[in-house]
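This report is written for a reader who is meeting the structure shown below. The account goes through selected local features in turn.

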Amino acid sequence: MKMWDKLRFYAQYAWRFVVLRRPQPLIYGIALTDRCNLACRGCRVSNTGRADMTWSQLVGDVKDAWSRGFRDLYFSGGEPMLWRDGYHTLEHAIAFAKRTGFFHVHVYTNGTLGLNTSADLVWVSMDGLPGTFELRRGAHFHQVEQAVREGQHPKVAIIYVVDCNTADGIEPFLRWVRETRFPVIGVMFYFHTPYYGRDDLFLTAEERAPIIDRLLSCIKAGLPVINSRAGLLALKSGRWPRRLPVAYVKDVSGEYVCCRASEEVCVDCGYAACTEITESQRLRPSALLGMARYW
């Protein structure tokens, strides 16, 4: 699809949302599998024993999402690189989504299985340097680092989940990314979301606030933070809508607005991508400029 067609769609979308106050579908997520090769602390959506999505289900879901007006799509898991149905793999899913017409196709991965993918953008989970990383994800830092450095994917971004163990590692990690010229466009910071109740990793709003202030200082210092100033301020204040009606996610069990968690989790949500979407739709300059880097 030509760039002009995309720009026209987004301009019309912004008009309907900002002026007419009519939020409409935009982003669709498909969780292909719950299987994962890691056992990260704080994650309870992997290795649940549920069946993988079949190819026919995936095809139907992609077509349905397109017909309903969604234009950006992402694949997640579990670990989506593990997904197979017969000879079909994640790459077949990405190719089909692009043929259908989706403007952007993203993949969320832990990075341990390499970055050999045709996705427009790959989001890789890394929560700090050695000594911090393993507190959440296990002893896989160097494996993920090597995959990013050797993968040569043109567009990779990092997701860093902040919890009580990883909060102190923010600045050292950002400096390492900059100083070692780690080949990524930057780091998006989420906060640990207690999908199944508050746990020992959880940070309250009061505990998150000074960390967000540190992230704002990192932006000012020119460190590679992808979060926008507007998005972080919204995350700090809590003044952003839950659930986002512009985003849906589908797994083998059904479809959900925004995410697969229960309503009770929304008040403690740390999914910073939501505030970036919200602030972009509010036409905040920093959010718009930030999203242009990775979207």
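In this predicted model, Thr 132 occupies the loop that runs between β6 (121-125) and α4 (133-137). The relative accessible area of Thr 132 is 15%, under the 20% limit, and the residue is therefore buried. Leaving aside residues up to four places away in sequence, Thr 132 touches Asp 127, Tyr 160, Asn 165, Thr 166 and Gly 169.

**Strand β8 and its partner**

Strand β8, made up of residues 187-191, is mostly covered, with five of its five residues buried. Val 187, Phe 189 and Phe 191 point one way from β8, while Met 188 and Tyr 190 point the other way, and all are buried. Strand β7 (residues 156-162) runs parallel to β8 and is joined to β8 by five bridges. Within this pairing, Val 161 has Tyr 190 of β8 as its bridge partner. Together with helix α6 (residues 170-179), β7 and β8 make a right-handed β-α-β unit.

**Salt bridges**

Side chains of opposite charge can pair when their charged atoms come close. The structure holds 19 salt bridges. Three of them are set out here.

| Salt bridge | N to O distance |
|---|---|
| Asp 61 and Lys 250 | 2.8 Å |
| Glu 255 and Arg 68 | 2.8 Å |
| Lys 98 and Asp 120 | 3.5 Å |

The side chains of Asp 61 and Lys 250 meet in a salt bridge. Because Asp 61 belongs to helix α2 (residues 55-67) and Lys 250 to strand β9 (residues 247-251), this pair ties together parts that are 189 residues apart in sequence. Both Asp 61 and Lys 250 are buried.

A salt bridge also links the side chains of Glu 255 and Arg 68. Glu 255 lies in strand β10 (residues 254-257) and Arg 68 in the loop between α2 and β2 (72-76), so the pair ties together parts that are 187 residues apart in sequence. Glu 255 is partly exposed, with a relative accessible area of 33%, and Arg 68 likewise counts as partly exposed at 33% relative accessibility.

In the pair of Lys 98 and Asp 120, the closest N and O atoms are 3.5 Å apart. Lys 98 counts as partly exposed at 32% relative accessibility, and Asp 120 counts as partly exposed at 29%.

Salt bridges also form a network, which links Asp 34, Arg 50, Asp 251 and Arg 260.

**Backbone features**

The peptide bond from Gly 77 to Gly 78 is cis, with omega near 20 degrees; Gly 78 is in the loop between β2 and β3 (84-85). A cis peptide bond also joins Arg 242 and Arg 243, with omega of about -15 degrees. Arg 243 is placed in the loop between α8 (229-237) and β9.

Gln 152 is not a glycine, yet it has a positive phi of about 60 degrees. The loop between α5 (141-151) and β7 contains Gln 152, which counts as exposed at 72% relative accessibility. Arg 181, also a residue other than glycine, has a positive phi near 55 degrees. Arg 181 is found in the loop between α6 and β8. Its relative accessibility is 74%, over the 50% limit, and Arg 181 therefore counts as exposed.

Key:
Residues numbered from 1 in each chain as written. Predicted model: local features only at pLDDT ≥ 70, side-chain atom pairs only at ≥ 80, totals over all residues. Heavy atoms only, no water. Helix = DSSP H or I, 4+ residues; strand = E, 2+ residues; numbered from the N terminus. Buried < 20%, exposed > 50% of the residue type's maximum accessible area, 1.4 Å probe, protein only. Contact = heavy atoms within 4.5 Å. Pairing = 2+ DSSP bridges. Right-handed = clockwise from strand over helix to strand, strands pointing away. Salt bridge = Lys/Arg side-chain N within 4 Å of Asp/Glu carboxyl O.
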